[in-house]
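Please open the structure in your viewer and keep the sequence panel beside it.

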Amino acid sequence: MSVRSGMRLRGIAAAAVTLGVVAAGAFVLPATATAQPVDAQPAQAATSDDWAPASSATIHPGVLTVTEGGGSCTSNFVFTSGDRVLLGQAGHCAGTGQATETNGCDSGTMPLGTKVQITGASMPGTMVYSSWITMQERGETDPNACSFNDFALVEIDPADAGKVNPSVPFFGGPTRINTEGLAPGAEVFSYGNSPLRQGISALSPKAGVNAAEVGGGWGHEVYTVSPGVPGDSGSAYLDGEGRAVGLLSTLNLAPLPVSNGLADIGRALAYANAHGDVGYIELALGTEAFTKLPAGVPATDVAPPAGPPLGA
């Protein structure tokens, strides 16, 4: 069973208790898990000199977003479409149903044009793309897309465009997009920013390992040193080369307890470019070099966990 990891204020306590209960479960990693290539090549832009310095930018991957009528989430990567600057978040951050509604082809959602509060911005952003809305309008029938394509784009108000830097905090990057999938045991790195962390930055940078590819390459199941919690939803995930690989979509109770489900960013972006109405969307590359060991962060805090034992 999977639940969405966006956070609604009325559900914080229940979600936190649920995560505490499943933490005691047994770990079983499937014996076979093969990486699936991405069919379409997503767009990735060269680093721009126009970004704010990473040291002073107030809008970047990992800032909190609060979607009107939806929930509180963590943003993932920065994107561009012409002169428009876009911030990625999970599609379900605008969801209007229950946390257990994980099928984007039939779950309720706020419409395009919905306002999104962005931490560090002076003006609200506007949701201009939602994979859920697009799939519903198209009558999408691919069950893998319906279950794992969980991606939305929020346009940053032009007044705040000068406050943006696309680098992932602590780790740097992204260097480009991973279009190859993840092998079992491959390293992943993320930055979560849930309000449940109460501003403790030491809990934000996380390292992990890939347990399995799911949904024909549309998703990844990963384990991290500290699992993503409600409010981390949408967080950016990088692979061991600093490539953008996914965004946090679900908190999994079964069949892999305490794992997190990622939506593959390459497939999600390719789908947006093929079927969305935002123009040609490109991933903005980080201005800061990628590192597996961020300065000031103990190596033990970001050492990828061994994960559950292979085999049944």
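The tour goes from a sheet to a helix and then to pairs of charged side chains.

This is a predicted model, in which local features need pLDDT of at least 70 and side-chain atom pairs count only at pLDDT 80 or more, while totals for chains, interfaces and linings use all residues. Residues are numbered from 1 along each chain as its sequence is written, and side-chain values use heavy atoms, with hydrogens and water left out.

**The sheet**

Begin with the open sheet of nine strands, whose order is S2-S16-S5-S6-S9-S8-S7-S3-S4 and whose pairing is mixed. Strands here are DSSP runs of E with at least two residues, helices are runs of H or I with at least four residues, and both are numbered from the N terminus; two strands pair if DSSP finds at least two bridges between them. Select strand S2 (44-45) and strand S4 (72-74) to find the edges, since each of these pairs on one side only.

Next select strand S7, residues 115-118, where Val 116 and Ile 118 make up a covered face, whereas Lys 115 and Gln 117 make up an uncovered one. In a regular strand the side chains alternate between the two faces of the sheet.

What joins S7 to strand S3 (residues 64-67)? Three bridges do, and the two strands run antiparallel; to see them side by side, select Thr 67, which stands opposite Val 116 in S7. Strand S8 (residues 125-130) also pairs with S7 in the antiparallel sense, over two bridges, and here Lys 115 stands opposite Thr 126.

Moving on from S8, select strand S9 (residues 152-155), which pairs with S8 over four bridges in the antiparallel sense, with Tyr 129 standing opposite Leu 153.

**A covered helix**

Now select helix H4, residues 265-275, which is mostly covered, with eight of its 11 residues buried (buried means under 20% relative accessible area, exposed over 50%, and partly exposed in between, with a 1.4 Å probe and protein chains only). Among the buried residues are Ile 265, Arg 267, Leu 269 and Tyr 271. At the start of H4, look for Asp 264, of which a side-chain oxygen reaches to within 3.2 Å of the backbone nitrogen of Gly 266.

**Salt bridges**

A salt bridge is a side-chain nitrogen of Lys or Arg within 4 Å of a carboxyl oxygen of Asp or Glu, and by this rule the count comes to nine.

Select Glu 187 and Lys 292, whose closest N and O atoms are 2.7 Å apart in a salt bridge. Glu 187 lies in strand S10 (residues 187-191) and Lys 292 in the loop between strand S16 (282-284) and helix H5 (299-302), so the pair ties together parts that are 105 residues apart in sequence. Glu 187 is partly exposed at 27% relative accessible area, and Lys 292 is partly exposed at 37%.

Then select Lys 206 and Asp 232, a salt bridge with the closest N and O atoms 4.0 Å apart. Here Lys 206 counts as buried at 1% relative accessibility, and Asp 232 is buried at 0%.

As a last stop, select Arg 176, Glu 180, Asp 239, Glu 241 and Arg 243, which are linked in a network of salt bridges.

Terms used
A polar contact is a pair of N or O atoms within 3.5 Å; within protein, one must be able to donate a hydrogen and the other to accept it, and residues adjacent in sequence count only if both atoms are side-chain atoms.
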